[in-house]
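Work through the exercises below with the model open. Try each task before reading its solution.

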Amino acid sequence: PSADDIALRDALNRFLGELPKRTRVIFMRRYWFTEDVARIAADFGVSEGHVNVLLCRTRKKLKQYLEKEDIYL
């Protein structure tokens, strides 16, 4: 892996480590394991809208975090 790949990986790991556990699990299930929002919502006993809002806010926080780390995708 390139130095950029390693920097991105490390930044992602730090970001994920700073998230509340529930948010991290939902984020990972959606974007790492590519689970459907409906399934995630059902498993957590919340609405699909709730999951979608949480994911949107987390993506925005991730973008800000990466920019703070001087990583632009």
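**Exercise 1. Helix 4: span and sides**

Task: Compare the reach of helix 4 with the expected span, then find where its buried residues lie.

Solution. Step 1: helix 4 covers residues 48-68, 21 residues in all. From first to last C-alpha it reaches 30 Å, close to the 30 Å expected at 1.5 Å a residue. The expected span is 1.5 Å times one less than the number of residues. Helices here are DSSP runs (H or I, at least four residues), numbered from the N terminus.

A note on the basis: this is a predicted model, where local features need pLDDT of at least 70 and side-chain atom pairs count only at pLDDT 80 or more, while totals for chains, interfaces and linings use all residues. Residues are numbered from 1 along each chain as its sequence is written, and side-chain values use heavy atoms, leaving out hydrogens and water.

Step 1: list the buried residues (under 20% relative accessible area; exposed is over 50%, partly exposed in between; 1.4 Å probe, protein chains only). In helix 4 they are V51, L54, L55, T58, L62, Y65 and L66. Because they cover an arc of only 100 degrees around the axis, they sit on the same side of helix 4. The arc is taken over directions from the helix axis to the C-beta atoms.

Step 2: turn to the opposite face. There, helix 4 carries the exposed residues R57, K60, K63, Q64 and K68.

Step 3: find the cover. Helix 1 (3-18), helix 2 (21-31) and helix 3 (37-44) are among what covers the buried residues of helix 4.

**Exercise 2. Helix 1 against helix 4**

Task: Describe how helix 1 and helix 4 pack.

Solution. Step 1: their axes are 11 Å apart, at an angle of about 130 degrees. Helix 1 is therefore oblique to helix 4. Oblique is what remains after under 35 degrees (roughly parallel), over 145 (roughly antiparallel) and 65 to 115 (roughly perpendicular). Axes are lines fitted to C-alpha atoms over the stretch in contact, and angles run from 0 to 180 degrees between N-to-C directions.

Step 1: name the residues that meet. Helix 1 brings L8, A11, L12, R14, F15 and E18. Helix 4 brings T58, K61, L62, Y65 and L66. Contact means heavy atoms within 4.5 Å.

Step 2: focus on T58. T58 is buried, with a relative accessible area of 4%. Not counting residues up to four places away in sequence, T58 touches F15, L19, T23 and F27.

**Exercise 3. Helix 2**

Step 1: Leaving aside neighbours within four places in sequence, R22 contacts F44, V46 and H50.

**Exercise 4. Positive phi**

Task: Where do T34 and D70 lie?

Solution. Step 1: most residues other than glycine have a negative phi.

Step 1: T34 has a positive phi, near 50 degrees. T34 lies in the loop between helix 2 and helix 3, and is exposed at 58% relative accessibility.

Step 2: D70 has a positive phi of about 60 degrees. D70 lies in the segment after helix 4, and is exposed at 60%.

Technical notes
Helix = DSSP H or I, 4+ residues; strand = E, 2+ residues; numbered from the N terminus.
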